[in-house]
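The tour below goes from one selection to the next.

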Amino acid sequence: MTEGINPEILKEICIVKMPFGKYQGTVLADLPVSYLEWFQRQGMPKGKLRMQLATVYEIKLNGLTDLLIPIRRSVRNG
């Protein structure tokens, strides 16, 4: 699953905040699974945000959130 994921996308989801909606201002990686599942059913937003949200969804769905710990650390310290 992690093969083929652009490391830049992983970094982005730890920085970029949700631009609209109920969780506006929340870092994408911190969005609850229930919200991501809702998008999955309703249809993901267009553009780059679609790829970012889909990536967060897959990470959470597969229990891979620990993947983001070192990235978050480097983003905070960088």
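Select glutamine 52 and display its surroundings. Leaving aside neighbours within four places in sequence, glutamine 52 is in contact with Glu12, Ile13, Val16 and Leu28. This is a predicted model, so treat each stop as a computed picture. Is glutamine 52 buried or exposed? Glutamine 52 has a relative accessible area of 5%, under the 20% limit, so it is buried.

**Next: the helix around it**

Glutamine 52 is found in helix H3. Select residues 48-61 to see all of H3. How far apart are the end C-alpha atoms of H3? They are 20 Å apart, which agrees with the 20 Å that 14 residues should span at 1.5 Å a residue.

Now colour the buried positions of H3: Leu49, Gln52, Leu53, Thr55, Val56, Tyr57 and Ile59. An α-helix has 3.6 residues a turn, so residues three or four places apart point the same way. Show what covers these buried residues of H3; the cover includes helix H1 (7-13), helix H2 (33-42) and helix H4 (68-77).

Step just past the end of H3. There, glycine 63 takes a positive phi of about 65 degrees.

**Next: threonine 55**

Go back into helix H3 and pick threonine 55. Its relative accessibility is 12%, so threonine 55 counts as buried. Which residues does threonine 55 touch, not counting those up to four places away in sequence? They are Ile5, Ile9, Leu10 and Ile13.

**Next: the nonpolar core**

Select Ile13, Met18, Leu28, Leu31, Leu53 and Leu68. Among the 20 residues of the largest nonpolar core, these touch the most other members. H1, H2, H3 and H4 each supply at least two residues of this core. H3 gives the most, with five residues. In soluble globular proteins, nonpolar side chains tend to be buried together.

Centre on leucine 31. Not counting residues up to four places away in sequence, leucine 31 touches Met18, Tyr23, Thr26, Leu36, Leu53 and Lys60.

**Next: the aromatic rings**

Show the rings of Phe20, Tyr23, Tyr35, Trp38 and Phe39, which ring pairs link into a cluster. How many aromatic pairs does the structure hold? It holds five. Zoom in on tryptophan 38 and phenylalanine 39. Their ring centres are 5.1 Å apart and their planes meet at 70 degrees, so this pair is edge-to-face. Colour the two by accessibility. Tryptophan 38 counts as partly exposed, at 38% relative accessibility, whereas phenylalanine 39, at 5%, counts as buried.

**Last: zoom out**

Switch to cartoon for the whole chain. The secondary structure comes to four helices and zero strands. Read along the sequence, the pattern is α-α-α-α. The radius of gyration is 12 Å, close to the 12 Å that the globule rule gives for 78 residues, so the chain is as compact as a globular protein of that length. Draw a box along the principal axes: the C-alpha atoms fill roughly 35 × 25 × 20 Å.

The chain exposes about 4,900 Å², and carbon and sulfur atoms supply 51% of it. Of the 78 residues, 31% count as buried.

Key
Residues numbered from 1 in each chain as written. Predicted model: local features only at pLDDT ≥ 70, side-chain atom pairs only at ≥ 80, totals over all residues. Heavy atoms only, no water. Expected span 1.5 Å × (residues − 1). Buried < 20%, exposed > 50% of the residue type's maximum accessible area, 1.4 Å probe, protein only. Contact = heavy atoms within 4.5 Å. Core = buried A, V, L, I, M, F, W, Y, C linked by side-chain atoms within 4.5 Å. Rg over C-alpha atoms; globule rule 2.2 N^0.38 Å. Areas by Shrake-Rupley, 256 points an atom, 1.4 Å probe, with all protein chains shown as cover. Phe/Tyr/Trp six-rings, centres within 6.5 Å; stacked < 30°, edge-to-face > 60°.
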